[in-house]
Amino acid sequence: MQRRNLTHWAFCFGTAAVFLLMLSKNSPLYPMNDWVDVQCFLTVGKGILHGIVPYRDIYEQKGPVLYFVYALAALISQHSFWGVFLVEIAALGAFFHYSMEMIRLFAKDSPWLYLCLPVLAVTVCACQGYAHGGSVETLSWWILAPGLFVVLRATQNRQLLPARDAFFVGVGAAAVVYMKFTIAGFQLGLALFVAIWYLCYEKKPLELLKTIGWFFAGFAALTAPVVVYF
């Protein structure tokens, strides 16, 4: 089991590294990065490390969690895009992990399972959100995938969402809202599905209220440090 887990993680992050090395402008293979957005994000991230407060001392239009992520990237490297590249690999590798776990819910441990990953990588990395690398979409898909995974797992196991999963989805929803709120439309659709599932199929409105409560507890758990920072 431990060996399989190591192989799984190595395959997910290795695939992410290979494809981003070729397709992301943050890759060291690119002689320069001419994309405006990533320059702005990294500038704000570097500013945070030097005590500059976003929206007060420097303005850019995205949400604060995105700039905290870029502050982490700047902590790795302030004078190159190496930090952004490594963060991008971590985000895409995590997305691949949860995607494979979703496939495993239906395909179990089929020997063909890992052939899906290169196909998924080509599909994802060829979309508009990966046109340059380091976009909000690039860094948020790994947050959206776990939410879909826990809901699919619950429906496959014919059980309601555990409190920890509802809390986890709430944290993810807050992260997306505080990065680029329009992306949260995906989670809005997921929440609508859960509501219909609880009310129309399970007929358990009280359990739905508990799940909503844990969701907002998770949302508040990430909101609190953002508010404290500002």
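K180 is partly exposed, with 27% relative accessibility (buried means under 20% relative accessible area, exposed over 50%, partly exposed in between; 1.4 Å probe, protein chains only). The model is predicted, so local features need pLDDT of at least 70 and side-chain atom pairs pLDDT 80 or more, while totals for chains, interfaces and linings use all residues. Residues are numbered from 1 along each chain as its sequence is written, and side-chain values use heavy atoms, without hydrogens or water.

K180 pairs with E137 in a salt bridge (a side-chain nitrogen of Lys or Arg within 4 Å of a carboxyl oxygen of Asp or Glu). Their closest N and O atoms are 2.9 Å apart. E137 sits in helix α6 and K180 in the loop between α7 and α8, so the bridge ties together parts 43 residues apart in sequence. E137 is partly exposed too, at 21%.

## Bridges within helices

The count of salt bridges is six. R104 bridges to E101, with the closest N and O atoms 2.6 Å apart. Both lie in helix α4, three residues apart, which means about one helical turn separates them. R104 is buried, at 13% relative accessible area.

In helix α9, E207 and K210 are also three residues apart, about one turn. Their closest N and O atoms are 3.6 Å apart. E207 is partly exposed, at 29%. Helices here are DSSP runs (H or I, at least four residues), as strands are (E, at least two), numbered from the N terminus.

Leaving aside neighbours within four places in sequence, Y198 is in contact (heavy atoms within 4.5 Å) with residues including L160, L161, E207 and T211.

## Helix α7

Helix α7 covers residues 163-177. Its 15 residues reach 21 Å from first C-alpha to last, close to the 21 Å expected (1.5 Å times one less than the number of residues). Its buried residues include D165, V169, G172, A175 and V176. The buried residues of α7 pack against α3 (64-76), α6 (136-156), α8 (185-202) and α9 (205-229).
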